[in-house]
Amino acid sequence: MGDHTICLEMDFVVVGGGLTGVCAALAAARHGMRVALCHDRSVLGGNSSSECRVWICGATGMGFNRYADETGIIAELTQENLYRNPEGNPHLWDALLLDKVWAEKNITLLLEARVTEVRAEGGRIRSAVCEQFCSETRYVLRAGLFADCTGDAVLTELAGGGTVCGNADVSAAARARYNLSAQYASLGSTLLFYTRRCGHPVRFVPPAFAYSVEEIARILRRTGKQLHAGDSGCDYWWLEYGGDMDVIHDNEAIRTALTRLIYGIWNYIKNSGEFDAGCLTLEWVGSIPARRECRRALAMRTLTEEDILARPRPDDAVCHGGWPVDTHPSSGFFDKSESCQQLPVDPYGIPLSCLISRDFENVLIAGRNAGMNHLAMASARVMKTCAVEGQAIGTAAAFARRWNAAPLALLPEQIRALQAQLTRDDVWIPGQSLDPARDAARRMRVSSSAPLAPDAGEPVRFLPVNETAFLLLPPLQKGDRIALSLRAASAGSIQIGLYESGDPAVYKPRGLLRTFDFALAPGERRVELDCPAGTRGNCCIRIPASEGVEIGVAREPLPGVLGAFAENALGLELFAPAVRIAPKAAWYPTEALTDGYTRPYGGMHLWASPLEGAWIALESDVPVPAEELVLYLDNALYLPHNNLRPERDPMWNRQIHPPLMRDFTVRLDGPDGAREVCVRENAQRCVRLPLGGAPVSRVRIEPHANWGASYVAVYEIALFSSADEWAEV
């Protein structure tokens, strides 16, 4: 490479352009930092990109945690993807990420630029050198703050900081509890492939390197695993290998084995004669192993699985996780045991202290190389959780720079101010609400059109209760009566259980309140359940699997009411139960618009009203300075929104949440006169309207259209008087 060197003086250097690094860079840039985002590939997105095509998962999991979907920048990206790219085209996802980064004037993006040298002294990283081989250019990046978002702790390793790999940091007690090997092991890597059905037969001649039909047959017999011709993409996430190897230095051996395996499996599907695969063709095969686990940087604090289970609300939490502790056998596809073991966990806060380097005072770490042990990372490694960690450290970097403080030296009151800003930016920290001192809407009178009643009406159809059915509801008060419709084919009886979750962030049956026995005659019957006491946390109704019994389904779901067919209320087979609550519970009150909560937490904290004639008004006798109006809308937080398989909401048969406000008008009145802002084609959950700081005495919001529901739903309206929460503390 020639001697072509460019030196860049920045405020913040983010190394790694996966979703963690993208969100870190966007957050810091939007808070005024000059950011260099350095990525060693040609497209952004890491494992989620068109190069790897792993669709993104998060705290909602596969139904493990309802109303736990990650928000903030990652929700901005997934919502925009639903609008622009409803088919889940991986190249359009690449383009969306690039579009967002290029739109930020404060970000300098360096693609195909690998960090090869790091200069550190005095407990600080001073500079990093990136080699961009395609342009034969050497970039020297200097900054006051750095972020290691490489997933492999590359920046930390090159700087001489401490790292750990695999299960070496798991205690002996935890090894015994989770049946982990005493030998070195980590989670393996996967290559994915896409298939396509053609209108004519397609021949497949396997390359010489592919496993033969006979070899694949032997592996399947030995492991008990099964193939399905119709599976494609992440359906084959369990084609995993390399967990008992050095994931970095043995990368080529891992890639070789996975490539041989994929073409061998396709050879088996096409040529074994066991599948109807004559018209199937192999459309795409990955070439970059998607890693689940690699080196992790040592942090001020190491988050463990015990922290997640026993102390889920740390004082310095800056975002949340909730994917199960998801461990895989180290030999992956070739192992006889189950492809994964998942220990469900409740939503938990991720502390800032595990996102700050132990060895360098000006380095933040997030994503797959954050300061967590093997088992905690088995939960927090999924990309949506990594993304909110990225937004958290990008915002923390901006705070640290503004206060001229090292991230590790932030005071408790400064961390509280950081948490307030993250909550304002729609990052959920379990239990946190908007800061009332900075939200003028909390001090204004709020009024609205009539709130929606908690009555789903008569059922429009019935579904068989062949599996256990759970109805998940907001908290109930003593004396509330829940009515639902059942239909029986023959005479019999049924016992229905009423449960409480015990935790405001949890939607799972934890404590039995009462059982109800009902006699059923042939035909339809409405049954009522009386709540014996106020529920701790949320409410859950269990209807056991019953042959010949059906449950009524509503025309439209009620906000906050979910039906699920799966034991323990897990799973994604959702339906909208036709329920009524009497006396009418105040589930969607006007007051919820300014109670500070931007999502469900021990209640819906949601206002809903019929779309026709809907309006919201905020008034104050004393005009308040208004820099920004922020609306936090309902975008179906109970669903695990992803990027490459954007499925329809089973309760609505739609992708963009139908109650989400699409077109609306905001009118503002103040001493300087009136003005109007019109919003059209909105598909975002968090809508920010800059107001310029002029004083406001009245705000009126009039929805005109949504995405297909008969009602609109809003979690919160906030009116901020400053652009940021830069409190002098």
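Predicted model: local features only at pLDDT ≥ 70, side-chain atom pairs only at ≥ 80, totals over all residues.
Residues are numbered from 1 along each chain as its sequence is written, and side-chain values use heavy atoms, with hydrogens and water left out.

Next, select Tyr241 and Phe334, whose rings form an edge-to-face pair (planes over 60 degrees apart), with 5.7 Å from centre to centre and 75° between the planes. Tyr241 lies in strand 10 (residues 240-241), whereas Phe334 sits in the loop between strand 15 (325-327) and strand 16 (341-343), and the pair, 93 residues apart, links distant parts of the chain; strands here are DSSP runs of E with at least two residues, numbered from the N terminus.

Now show the surface around these two residues. Phe334 is buried, with a relative accessible area of 16%, whereas Tyr241 is partly exposed, at 21%; buried means under 20% relative accessible area, exposed over 50%, and partly exposed in between, with a 1.4 Å probe and protein chains only.

Then widen the selection to Phe193, Tyr211, Tyr236, Trp238, Trp266 and Phe333, which ring pairs link with Tyr241 and Phe334 into a cluster.

Finally, zoom out to the protein chain, where 62% of the 729 residues count as buried, and where the C-alpha trace spans about 75 × 70 × 55 Å along its principal axes.

Terms used:
Phe/Tyr/Trp six-rings, centres within 6.5 Å; stacked < 30°, edge-to-face > 60°. Helix = DSSP H or I, 4+ residues; strand = E, 2+ residues; numbered from the N terminus.
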